[in-house]
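Dear colleague,

Please find below the structure that I am handing over to you. My findings follow it.

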Amino acid sequence: MPSFGKWSQQGVPKKGWTCIGFEDLGEPSTQCEMCENQDIRYVHQMQHPDYPNILECGCVCAGKMEEDYAAASKRESDSKNLAQRRGRWLTRKWKISQSGNHYLKTDGFHIVVFPKDSGWSGKITRLSTGVSTQARRLYDTQDKAKLGAFDGMIWLKSH
């Protein structure tokens, strides 16, 4: 007989939750804390003002809890699209500058990776403002620097 988890527990709000975070675990590796039945990969971190704990939930439960299934579904869809885009990032046609560095112009950014000291670094410049951000760490390989630049670009787009 299936368990209904916290859905059937007294004192656990069923509506009025807010998603305060989202995480892609890479594979289904945890259980939804609301229904306690579904193994989930995409974790919606749900918070309620009348409940002491943040619950890590799957898409269906998160949609019901916040009464907005479309928003929960969009978080998952955006995450899947981002993962696919990141997976294709290294196969893009990178141009080579006069100084021999690989670069791309995409999404309103100029991205360049280059050798530095005993590793690889990168720089992202927002084309609309000219403001640049330099990688804070060295990468072992050029490909790792390119993936770091992708992650940096995504972070800059959201801030």
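How far is the sulfur of Cys-61 from the closest cysteine sulfur, and in which residue does that sulfur lie? The distance is 3.7 Å and the partner is Cys-32, which is too far for a bond, a disulfide being a pair of cysteine sulfur atoms within 2.5 Å. A search of the whole structure accordingly finds zero disulfides. Both cysteines are buried (under 20% relative accessible area, where over 50% is exposed and in between is partly exposed, with a 1.4 Å probe and protein chains only): Cys-32 has a relative accessible area of 1%, and Cys-61 one of 7%.

Please note that this is a predicted model, in which local features need pLDDT of at least 70 and side-chain atom pairs count only at pLDDT 80 or more, while totals for chains, interfaces and linings use all residues. Residues are numbered from 1 along each chain as its sequence is written, and side-chain values use heavy atoms, with hydrogens and water left out.

Helices (H or I, at least four residues) and strands (E, at least two) are DSSP runs, numbered from the N terminus. Helix α2 (residues 69-89) and helix α3 (residues 142-158) have axes that come within 10 Å and cross at roughly 145°; the axes are lines fitted to C-alpha atoms over the stretch in contact, with angles from 0 to 180 degrees between N-to-C directions. In contact terms (heavy atoms within 4.5 Å), α2 contributes Leu-82, Arg-85, Arg-86 and Trp-89, while the residues of α3 include Lys-146, Phe-150 and Asp-151.

His-102 and Val-113 are 11 residues apart in sequence, yet 5.7 Å apart in space, C-alpha to C-alpha.

Two aspartates deserve a look. Most residues other than glycine have a negative phi. Asp-107, in the loop between β7 (102-106) and β8 (109-116), has a positive phi near 55° and is partly exposed at 33% relative accessible area. Asp-117, in the loop between β8 and β9 (119-126), has a positive phi near 50° and is exposed, at 71% relative accessibility.

Yours sincerely
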